[in-house]
Amino acid sequence: MRFEPFVLDGEHQRVPVSIEPMTQEDAESTDSPPTWQTSWTSEYLADDRFEKYAAKAGNELIALGAYEILEHSLVVHIAYMEAQPGSNPMMDGGRPKYAGIGRLMIAYGIKLSIDNGFAGDVVLEAKTGELARHYERDFGAVRLPMFASSAPRYLIADEAAKRIFFTYLA
């Protein structure tokens, strides 16, 4: 079986996606119109502890993800992920160019977990209450204890991780 990433277009047809290490050009493109919600050239995202990946449909950059391999915890931390402005629910006016980008970027975190000898477990933070509900409802995420100053943290593991990951196996 192979990991075959994809997203859905406006007609709900599968669009193949490649996921490769993020380049400096990918990061810099987030600062050019149409600007992304977050600059991927920021000091936080430039941190070397993150493995950063770009998801592309053909030559079109559709998403970026920053992942942290936490060997002492046997889990991959999805530190940040973002869809292009035209497919970002905060920016697309309710008409995304592509659907399923978040699920794909979570699946890639699960793949990294498996590739690093872990069980496919990933943790991530919900930036908004709406995202928290989405992670629970649509991905089977389980809320973890959090620190007073942090965003709600979630674990996607076991059957929930398997369901997401198997979507992309062929």
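Buried means under 20% relative accessible area, exposed means over 50%, and partly exposed lies in between (1.4 Å probe, protein chains only). This is a predicted model, in which local features need pLDDT of at least 70 and side-chain atom pairs count only at pLDDT 80 or more, while totals for chains, interfaces and linings use all residues. Residues are numbered from 1 along each chain as its sequence is written, and side-chain values use heavy atoms, leaving out hydrogens and water.

By these terms, Arg 137 is exposed at 60% relative accessibility, and Asp 138 is partly exposed at 36%. Their side chains meet in a salt bridge (a side-chain nitrogen of Lys or Arg within 4 Å of a carboxyl oxygen of Asp or Glu). Elsewhere, shared partners join Asp 47, Arg 49 and Glu 68 into one network of salt bridges. A search of the whole structure finds eight salt bridges, including these:

| Salt bridge | Closest N to O |
|---|---|
| Asp 26 and Lys 56 | 3.1 Å |
| Asp 115 and Lys 111 | 2.7 Å |

Asp 26 is buried, with a relative accessible area of 6%. Asp 26 lies in helix 1 (residues 24–29) and Lys 56 in strand 4 (residues 51–57), so their pairing ties together parts 30 residues apart in sequence. Helices (H or I, at least four residues) and strands (E, at least two) are DSSP runs, numbered from the N terminus. Asp 115, by contrast, counts as exposed at 51% relative accessibility.
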